[in-house]
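Here is a short report on one protein chain. Keep the sequence and the 3D view at hand while reading.

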Amino acid sequence: MATMITEDCINCGACEPECPNNAISAGDPVYVIDPLLCTECVGFHDYEACAAVCPADCCVTDPDNTETEEALISRAKTLHQEIDFGEIFESRFRKSENKEGEAQPSENGSSPAAEHGASPDSAAAGAGQGTGIDMGTLDLSALALPDASDWEITAKCFKCNETYSVTAKRFLIGNVLFCPHCFKSMVVKDSLNFQVRSTLKESHDGWSKRLEEFQVKREKEIKEFQQKLEDEAKALEKERERVIRTVQGQLKQIAESYNAPGRPTKKRSLLGWG
């Protein structure tokens, strides 16, 4: 077991229901992880779910107690014999092997929630220059907005007035958010959930429509451009045939008018009258 809960735990309980193995329980004085049940979410996620939802970032890797992916997936298969994990399964060890188009979180010390999220600023930057997108073979999926559940929302604590980021997937009715600065809790009400979901849905629907319009316009322009190239190619072929005929006529005239040595010439009359 390489995941542990530090003494910074605020006993919010957010991690307990996220564990697929029921390895987390309330302890004294903080929540604890059972090392015989923890699989670091191998087989279920490519990140550790407890760390992803922890508002205090206290679910961390224990550098003195690590396990291999083989050992963790073996434990997962033992705990969940009803599940066929197969040869390809979710694992934080395989982040570089994620499906094409999925975000690949970096191991830079940030929480998994932040790694799997994407802010509006980063989304806008991704569609600009320097993305490496080949506009000639553009896949519009590369221009899609981040998944609605992965947007980061800046919340402001009403007690200490400090701000902190929370992913949209945590803005569920009844979910409890904790300020990482003063640990004051805030319950997500239906009105807040509705505003967040409505804003994201409106933005995604509008952007999807914009991409569809762009696709139609792009296909039309490509078709017109291809037709223009074909017309120009046909005109160039006709010009080539004209040039060939002209050159052939000129060469023929040159050959026929050449006064070669020994070539018989018409004799003139003695009076010079032809």
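## An aromatic pair

This is a predicted model. By the rule used for ring pairs, the count comes to 1 aromatic pair. The partners are Phe-44 and Phe-85, and their geometry is edge-to-face. The ring centres lie 5.6 Å apart, with 85° between the planes. That angle counts as edge-to-face because the cut-off is over 60 degrees.

Phe-44 sits in the loop between strand E3 (32-33) and helix H1 (49-53). Phe-85 sits in the loop between helix H2 (69-79) and helix H3 (112-116). The two are 41 residues apart in sequence, so the pair ties together separate parts of the chain. Phe-44 is partly exposed at 24%. Phe-85 is buried, with a relative accessibility of 7%.

## Arg-92 and its partners

Which residue forms a salt bridge with Arg-92? The partner is Glu-40, and the closest N and O atoms are 2.6 Å apart. This pair also links distant parts of the chain. Glu-40 lies in the loop between E3 and H1, while Arg-92 lies in the loop between H2 and H3. They are 52 residues apart.

Are these two residues buried or exposed? Glu-40 is buried, with a relative accessible area of 2%. Arg-92 is buried too, with a value of 18%. That 18% counts as buried because the limit is under 20%. Arg-92 also lies over the face of Phe-93, at 4.6 Å from the ring centre.

## Salt bridges in helix H5

The search of the whole structure finds 6 salt bridges. Two further examples lie in helix H5, which spans residues 190-257.

Lys-201 pairs with Asp-205, with 2.7 Å between the closest N and O atoms. The two are 4 residues apart in the helix, so about one helical turn separates them. Lys-201 is exposed at 54% relative accessibility. Asp-205 is partly exposed at 44%.

Arg-240 and Glu-237 meet through their side chains at 3.4 Å, N to O. They are 3 residues apart in H5, about one turn of the helix. Arg-240 is partly exposed, at 49% relative accessibility. Glu-237 is also partly exposed, at 36%.

## Nonpolar cores

The largest nonpolar core has 15 residues. Within it, Ile-5, Cys-9, Ile-24, Ile-33 and Cys-59 touch the most other members. What does Ile-5 touch, leaving out residues up to four places away in sequence? The list is Cys-15, Ile-24, Tyr-31, Val-32, Ile-33, Cys-58 and Cys-59.

A second, separate core holds 12 residues. Among them are Tyr-164, Cys-179, Val-196 and Leu-200.

## The whole chain

The protein has 5 helices and 8 strands. Along the sequence they follow the pattern β-β-β-α-β-α-α-α-β-β-β-β-α. The chain has 274 residues, and buried residues make up 28% of them.

Take contacts between residues at least 6 apart in sequence: 53% of these join residues at least 24 apart. The protein exposes about 18,900 Å². Carbon and sulfur atoms supply 52% of that area.

Terms used
Residues are numbered from 1 along each chain as its sequence is written. This is a predicted model: local features need pLDDT of at least 70, side-chain atom pairs count only at pLDDT 80 or more; totals for chains, interfaces and linings use all residues. Side-chain values use heavy atoms; hydrogens and water are left out. Rings of Phe, Tyr and Trp (its six-membered ring) pair if their centres lie within 6.5 Å; planes under 30 degrees apart count as stacked, over 60 as edge-to-face and the rest as tilted. Buried means under 20% relative accessible area, exposed over 50%, partly exposed in between (1.4 Å probe, protein chains only). A charge sits over a ring if NZ of Lys or CZ of Arg is within 6 Å of the ring centre and within 35 degrees of the ring normal. A nonpolar core is a set of buried Ala, Val, Leu, Ile, Met, Phe, Trp, Tyr and Cys residues joined through side-chain atoms within 4.5 Å. Contact means heavy atoms within 4.5 Å. Accessible areas come from the Shrake-Rupley method with a 1.4 Å probe; for residues, only the protein chains shown count as cover. A salt bridge is a side-chain nitrogen of Lys or Arg within 4 Å of a carboxyl oxygen of Asp or Glu.
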